[in-house]
Amino acid sequence: MAERPHDPTAEFRASTDLAARNGWDREYQTYSDFDLPVYVGQSTFQKLPWITDPAELLARGVDVAIIGAPFDDAVSHRPGARFGPRAIREANYGTGSLNSLQLDVEPFEVLTVVDAGDANIVPAWIERAHAVIYRKVHEVAATGAIPFILGGDHSITWPAVTAVAELRRPGSVGIVHFDAHADTANDDWGVLAGHGTPMRRLIESGAVAGRNFVQVGLRGYWPPRDTFAWMKAQGLRWHFMREIEERGAEAVIADAVAEALDGPDYVYLSLDIDVIDPGMAPGTGTPEPGGMLTRELLRAIRHVAGQVELAGMDVVEVSPPYDHAQTTAMAANRAVLEALSALAVKKRDGRRVRWGGGEAAS
Ligand code: MN
Ligand code: MN
């Protein structure tokens with residue numbers, strides 16, 4: 001029997017009589033995927049185009065590319081951050097051309113932002129995961145786009161920053177690191193690639209100089225004293241949560257931004273969502289009571305992204321299984337949006353956002 005071409009129009013016509021009886025034959029407005037509700041259609045960050053081909057990223061002149069790093073095999077306590085990228089992508093009821101009330105800008109009207117997809121992760125293989133995250137971030141950032149990486153546990157910062165630092169050479173990359181934990185341990189129970197060690201690995205490998213590290217929000221009972229002695233010897237600067245309690249977030253963030261600008265050519269912003277108080281962001285692997293307010297953090301992100309030359313950003317340790325009301329994923333989603341909006345203000349003002357150097361310029 002000959003194959004007949006599929007003709008959905010003919011089927012629709014054939015059914016119109018029945019549909020008309022129900023009143024379904026009238027004209028309805030249809031919407032592009034970008035404007036549809038977030039739970040309809042493709043699950044990209046804010047329903048932005050899914051562009052995984054580096055040549056296409058380059059051709060479009062992408063300013064910021066979202067990358068998923070769905071990996072959590074390096075956690076020390078509660079797992080689940082492998083589900084973080086999808087949760088963060090979807091954690092907003094708003095779609096289409098958003099309007100930032102805080103910064104008076106429509107980020108997606110000013111910036112070219114796409115979702116560049118996920119690193120090629122498979123479970124239960126830390127070394128392979130770190131290698132493919134490194135390659136994915138390198139491939140995307142080499143096009144001149146600023147990579148925004150959605151974790152994943154914090155170990156993903158090791159390969160992500162390594163890729164960015166390598167591309168920006170001979171310029172130097174510093175890190176502004178929001179976290180309840182310093183993540184500068186030598187090892188997690190003998191494992192060098194754990195989520196408590198990425199900052200140590202970055203310094204030891206030479207990707208980032210210790211003096212170009214600024215940490216904000218440290219509190220609780222970890223790491224031990226000898227780790228702080230090592231950090232001091234490397235020249236790291238850090239701000240305990242108790243300093244925010246004493247002086248207020250505004251004064252501490254102003255100091256942190258000044259320190260971040262004092263040294264490196266570019267800054268990478270690494271946000272461990274557990275810097276926020278677990279009362280507001282419970283969906284994380286190692287919650288530490290007594291943290292920042294969500295509004296303090298979002299304001300801090302706007303300040304950092306607006307003032308430094310941003311080379312990359314990650315948002316890590318969002319664990320949806322513990323995020324009973326989606327508040328953690330929403331905070332992470334908004335942290336990304338705040339950084340995007342701050343970059344949009346820069347671009348609107350004629351300042352450089354997209355990276356102009358390296359392979360992208362040749
Ligand atoms: Mn942490
Ligand atoms: Mn961390």
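This is a predicted model: local features need pLDDT of at least 70, side-chain atom pairs count only at pLDDT 80 or more; totals for chains, interfaces and linings use all residues.

Trainee: How are the donor residues of the manganese ion (ligand 2) spaced in sequence?
Mentor: Let's say what a donor is before counting: an N, O or S atom within 2.8 Å of the metal (3.2 Å for Na, K and Ca), and water is not among the atoms, so sites may look incomplete. Here the protein donors are H154 (ND1), D179 (OD), D183 (OD) and D272 (OD). Along the sequence, the donor residues of this ion are spaced H-x24-D-x3-D-x88-D.

Trainee: Which residue coordinates both manganese ions?
Mentor: Compare the two donor lists. The manganese ion (ligand 1) has D179 (OD), H181 (ND1), D272 (OD), D274 (OD) and D274 (OD), at 2.0 to 2.6 Å, whereas the donors of the manganese ion (ligand 2) lie 2.1 to 2.2 Å from that ion. The two ions are 3.3 Å apart, and one of the residues coordinating both is D179.

Trainee: Is D179 buried or exposed?
Mentor: Buried means under 20% relative accessible area, exposed over 50%, and partly exposed in between (1.4 Å probe, protein chains only). H181, for instance, counts as buried at 9% relative accessibility. D179 has a relative accessible area of 0%, so D179 is buried.

Trainee: Which residue lies in the loop between β4 and α7?
Mentor: Those labels are DSSP runs numbered from the N terminus: helices are H or I with at least four residues, strands E with at least two. In the loop between β4 (173-178) and α7 (198-204), one residue to look at is A180.

Trainee: How far is the C-alpha atom of A180 from that of G291?
Mentor: A180 counts as buried, at 0% relative accessibility. Contact means heavy atoms within 4.5 Å, and beyond its neighbours within four places in sequence, A180 touches G217, L218, R219, D274, V275 and E288. G291 is 111 residues away from A180 along the chain, yet their C-alpha atoms are separated by 7.3 Å.

Trainee: On to the helices: at what angle do α11 and α12 pack?
Mentor: Axes are lines fitted to C-alpha atoms, for helices over the stretch in contact, and angles run from 0 to 180 degrees between N-to-C directions. Helix α11 (residues 294-307) and helix α12 (residues 327-348) have axes 8 Å apart and pack at about 30°.

Trainee: And what does that make α11 relative to α12?
Mentor: Angles under 35 degrees count as roughly parallel, over 145 as roughly antiparallel, 65 to 115 as roughly perpendicular and the rest as oblique. So α11 and α12 are roughly parallel.

Trainee: How many charged residues are in the contact of α11 with α12?
Mentor: Ala, Val, Leu, Ile, Met, Phe, Trp, Tyr, Cys and Pro count as nonpolar, Asp, Glu, Lys and Arg as charged, and the others, Gly among them, as polar. The contact includes R302 of α11, and R334, E338 and K346 of α12. Alongside eight nonpolar and two polar residues, the charged ones number four.

Trainee: What about α5 and α6: how many nonpolar residues are in their contact?
Mentor: The axes of helix α5 (residues 126-141) and α6 come within 8 Å and cross at roughly 35°. Residues that meet there include I133, Y134 and V137 in α5, and W158, P159 and V164 in α6. Three residues of this contact are polar and one is charged, and the nonpolar count is ten.

Trainee: Last one: what is phi for D104?
Mentor: Most residues other than glycine have a negative phi. D104 lies in the loop between α3 (84-90) and α4 (107-110), and at a relative accessible area of 58% D104 is exposed. D104 isn't a glycine, yet its phi is positive, about 55°.

Terms used
Residues are numbered from 1 along each chain as its sequence is written. Chains are lettered from A and ligands numbered from 1 in the order in which they are written. Side-chain values use heavy atoms; hydrogens and water are left out.
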